[in-house]
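Please open the model in a viewer and keep the selection tool at hand.

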Amino acid sequence: MALLRALSALGASVSSSRLPATRACRFLAGAGLARPFSSGEPSAEQQADLRRHVEGIIKFRGGPITFAEYMRTALTSPMGGFYGDKYVNESAGGGKGTVIGARGDFVTSPEISQLFGEMVGLWCVTVWQQLGSPETLRLVELGPGKGTLMADLLRSTSASSAVFQSFQKALRNGSQAGVNLVEISPAFREAQASALSKYSTGEDSSLVEWHNALQDVPEDGETPTIYIAHEFLDALPVHMFVKKSAAWTELLVDLDDRKAVSLDPEAKVPDPEFVMKLSPGATPSMKLLLHPRLEALDEDTRGEIREIEVSGSVIEHTLAVSNRLAASKGGGAALFIDYGYDDLPGKFTCRAIRDHKLLDDLLAPCADLTADVDFSLIRSVVEKMERAPAVSGPISQSRFLQSLGIGYRAQALLETPGISEKQAEDLVEGYKRLVGGADVDGMGEIYKAMALVALPESAEGKAGPPVGF
Ligand code: SAH
C-alpha cells in the first residue's frame, strides 16, 4: 500500500471531542523533562497510606529494600501509589484517569493530538502488511492510560478503504479478543473502558480485553501480534548503582532509624520516614543486572561511569515481548515510544515530579517517578537472543511521525469542511508539539521510537525495517 494512499484513506475527520484539551497541555521542556507534572499535593491520608505500605515491606523483609522495589510500590501500590486506584481517582478534581490529561498530572502525546494515535494506527496497518496481511491479528497495548491512543487508532483505521477494512477484520477474526490491554490500575481500566465503550456492545463486544500483566495475555503460538508501549517503559522500576572508590554499591531505601522511639505506649507513633542508603556490599541485583550491563559497555565507558541505572523490569518486558514474537508462527512486531537515550548518560535520570516541579527528594511520597529508557539495553537484550526479532531505531519521534506522513494528515484535516478556527489552531499546535524540538516546547526530539519485527515462519530471511524507520 502506498503510504500516501493509506494516509488519504485514514478515517473520518477531526475528532472534536478531543481537540479542546490540546491548548491546556504543557510540559517541562526547559528542564529536559518530557513528562510531566502534578496538579497538586496528594492528601495526607494518601501519603500516610503509601508510607505505611513501604514501611510494612521493609519490616517484613527485615532490612532495606532496593530503590527499584520502592519505585514499583510508589507507582503501583493500591495504597497511595501514583497509578494506584485512589490517586488516579482523586487527583485533579476526580474523574477516572485524571492523572493524565489537560487537567491532570501530566500530558502525553496521544492526549495532545488525535494525529498521534492515527499515525501509530497507520504504522500498525503497514506492519500488518509487512507480515503478509494475515487474516487474524492481535494488538496488545501496554499501559494504555486513558485509552486515547487505542481509541484514535481504531477510529482512524475503520475508514472504508479496503486495506483498513481487512485490517479491522483481522482484529475480529480470532477466537479470542483482538485487542488486549495490559493495565495494572483499576481506575485507568475504567477510563479505557469508557474511551473504548463503542467496542463493548453488539458484535464488537468481545473486541477488547484487559489483563493485569503481559504474561496474562493469551499466546497461541500462531496469531501474529503487534505490541505497542507508549510511555510505559519509563514507568518501570530502575535499580540505581553507584561506584564508590573502586567498588560498586546499590542504592537502597530504609526506615529512618534516627527518629526517636518512645517507650510511652500513649505516645503518638510518628509517620515513618525513609532514607536512601548505600548497600554495604554486593547485592543480588548487582550480579544479575549491573555486571551484565557493564560487560556490554566498551572498556572506556566502563572505566569512566560512576552511576548507572538498570531496569530489570524493562529487561523482563523486552524479553517477554521478543520471546513471544519469536515463538509465534505468524510473527509480529513491537513499537516502543518513550523518552530515553541510546548512549549512556553517565548519570542518574530517575526523577520525582509533583505539582509541575522536579522534587529534590526521590522518596517524596506519592510523586510520579520516571526514568529515561535505556534503548541500547533493549537492543542488546534482543540481539543476544537466538531467534532475535529485527531491531530498528531508536529514531526521534519527529522523524518517525514525519516519515509516516503526519504533515499530510494534518493538512488533510485542516481542509475538513466546517472545521472551526479553534479546531484548526489546536490541530496546528498539536502537530508542532508532537514533532517540534525542545526549542518550541516540542516532544519530537526528546521522545524516541524503536521497533522490533519478526516475520512469519513462512517468510524468507530477516525482516527489513518497518515503515517509519
Ligand atoms: N500510554 C499512555 C499512558 C502512559 S502512563 C499514554 O501515553 O497516555 C503509564 C501507564 O502504564 C498507565 O496506564 C499506568 O497505569 C500503566 N502502568 C504503569 N506500570 C504498570 C505495570 N507495571 N503494569 C501494567 N500497567 C502499568
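In what follows, Ala, Val, Leu, Ile, Met, Phe, Trp, Tyr, Cys and Pro count as nonpolar, Asp, Glu, Lys and Arg as charged, and the others, Gly among them, as polar. This is a predicted model, in which local features need pLDDT of at least 70 and side-chain atom pairs count only at pLDDT 80 or more, while totals for chains, interfaces and linings use all residues. Residues are numbered from 1 along each chain as its sequence is written, and side-chain values use heavy atoms, with hydrogens and water left out.

Begin with the whole protein chain. Of its 469 residues, 58% count as buried (under 20% relative accessible area, 1.4 Å probe, protein chains only).

Next, select G143, I184, F232, L236 and H317. Among the 38 residues that line the largest pocket, these lie nearest its centre. By class, the lining comprises 18 nonpolar, eleven polar and nine charged residues. A pocket is an open set of points on a 1 Å grid over the protein atoms alone, where a 1.4 Å probe fits, with protein on both sides within 12 Å along at least five of seven lines; lining residues have an atom within 4 Å of a point.

Then select V120, W123, C124, L139, L153, L154 and F400. Within the largest nonpolar core, of 58 residues, these have the most contacts. Such a core is a set of buried Ala, Val, Leu, Ile, Met, Phe, Trp, Tyr and Cys residues joined through side-chain atoms within 4.5 Å.

Finally, centre the view on C124. Which residues does C124 touch, not counting residues up to four places away in sequence? They are L139, L153, F167, I226 and I228, where contact means heavy atoms within 4.5 Å.

Note on methods:
Buried < 20%, exposed > 50% of the residue type's maximum accessible area, 1.4 Å probe, protein only.
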